[in-house]
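The sequence and structure are shown first.

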Amino acid sequence: MAEIIKFRSKADIAEENGELDLITAIDVAIRDLRDISERWGDESVRIQADECRRMLERAYAAAV
């Protein structure tokens, strides 16, 4: 059986280093929203949407 390795997202790495910029946040949000639109209705999608929103809020606050 294959072992699936989940790579850390670019946003997670940048955020840990205090480098989450607005462009990276937008890039990640676009990908998250694609995932959300494909799985609409799952509880995991609501959680992903909340995480996406919080990430955008942090990036926006840091940019302003």
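The buried residues of helix 3 pack against helix 2 (22–38); helices are DSSP runs of H or I with at least four residues, numbered from the N terminus. The model is predicted, so local features need pLDDT of at least 70 and side-chain atom pairs pLDDT 80 or more, whereas totals for chains, interfaces and linings use all residues. Residues are numbered from 1 along each chain as its sequence is written, and side-chain values use heavy atoms, without hydrogens or water.

In helix 3, Val45, Gln48, Cys52, Met55 and Ala59 are buried, that is, under 20% relative accessible area with a 1.4 Å probe and protein chains only. They cover an arc of only 90° around the axis, which puts them on the same side of helix 3; the arc is taken from the directions from the helix axis to the C-beta atoms.

Ala29 is buried, with a relative accessible area of 5%. Its C-alpha atom is separated by 5.9 Å from that of Cys52, 23 residues apart along the chain. Asp32 is buried yet has no salt bridge, defined as a side-chain nitrogen of Lys or Arg within 4 Å of a carboxyl oxygen of Asp or Glu.

Confidence is given by pLDDT, from 0 to 100 for each residue. Among the elements of the protein, helix 1 (residues 10–16) has the lowest mean pLDDT (60) and helix 3 the highest (85).

Methods. Buried means under 20% relative accessible area, exposed over 50%, partly exposed in between (1.4 Å probe, protein chains only). Helices (H or I, at least four residues) and strands (E, at least two) are DSSP runs, numbered from the N terminus. Contact means heavy atoms within 4.5 Å. pLDDT is the predictor's confidence in each residue, from 0 to 100. Lys and Arg count as positive and Asp and Glu as negative; His and the chain ends are not counted.
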